[in-house]
Amino acid sequence: MAFLGKTRPYLLPLNKAIWRTAFLALSLLIPNGLIASPVTEELNGAQLRGTATFRYLGLPIYDAKLYTPKGAPFSWSEDIALQLTYRKNIKKKALVNSTLDEMDRIGRSAPVRDQLNRCFKAVAKGDSYLAVSDGPDKVSFWLNGQKTCTMAHPGIKRSFMSVFLGDNTRSASFTRRLQGR
């Protein structure tokens, strides 16, 4: 064995520190889409369809990602997942009120204030909310990978998701990019 160490030291067993370093380096190289997450666990065959950054008065508010089954074109008839990663701190009350205001503005209001109050929490820069539909009448929410609630109401998927993906959003170009068009 001493001879092997002198002629081919790379064949000697690696110590634990080297294995830990190699594992850490490998884990940093794995694309996010391959790591288990609520997206892949909750949406069958989830693949990224589109991305966009929402801006208000030129300032970035959040980065959005749309996941569809197998990366298929966006369709209201399929379950979808929407991830928002915030670029600024936003209070819970502002999230709830702005969501309800937008649902109202686009003509898709729903009596879900109490449910939104249970689902939403204040966000800090870098926090991510994930919304995953389960049929037309349920949307589940995760904040930074932890489930916060499931909102249930007739047509809630379309009412909530239309704020970002509907025909009358605040930014048609944002919606087109998010839908991957």
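Partly exposed describes a residue between the two limits: buried means under 20% relative accessible area, and exposed means over 50%. The model used in these exercises is predicted.

**Exercise 1**

Task: Classify Arg87 by its relative accessible area, then describe its salt bridge.

Solution: 
- Step 1. Arg87 has a relative accessible area of 35%. That value lies between the 20% and 50% limits, so Arg87 is partly exposed.
- Step 2. The partner of Arg87 is Asp63: their side chains form a salt bridge, with N to O at 3.0 Å.
- Step 3. Asp63 belongs to strand β2 (residues 59–69). Arg87 sits in the loop between β3 (81–86) and α4 (92–105).
- Step 4. The pair therefore ties together parts that are 24 residues apart in sequence.

**Exercise 2**

Solution: 
- Step 1. Start with Arg105. Glu102 and Arg105 form a salt bridge, and their closest N and O atoms are 3.1 Å apart.
- Step 2. Both residues lie in helix α4, three residues apart, so about one helical turn separates them.
- Step 3. Turn to Arg170. A salt bridge joins Arg170 to Glu102, with 2.8 Å between the closest N and O atoms.
- Step 4. This pair links distant parts of the chain, 68 residues apart. Arg170 is in the loop between α6 (156–165) and α7 (172–178), while Glu102 is in helix α4.

**Exercise 3**

Solution: 

**Exercise 4**

Task: Locate Cys149 and describe its surroundings.

Solution: 
- Step 1. Cys149 lies in strand β6 (residues 146–152).
- Step 2. Its relative accessible area is 13%, so Cys149 is buried.
- Step 3. Set aside neighbours within four places in sequence. Cys149 is then in contact with Gln115, Cys119, Val139, Ser140 and Phe141.
- Step 4. The C-alpha atoms of Cys149 and Leu116 are 9.0 Å apart, with the two residues 33 residues apart along the chain.

Technical notes: Residues numbered from 1 in each chain as written. Predicted model: local features only at pLDDT ≥ 70, side-chain atom pairs only at ≥ 80, totals over all residues. Heavy atoms only, no water. Salt bridge = Lys/Arg side-chain N within 4 Å of Asp/Glu carboxyl O. Helix = DSSP H or I, 4+ residues; strand = E, 2+ residues; numbered from the N terminus. Buried < 20%, exposed > 50% of the residue type's maximum accessible area, 1.4 Å probe, protein only. Contact = heavy atoms within 4.5 Å.
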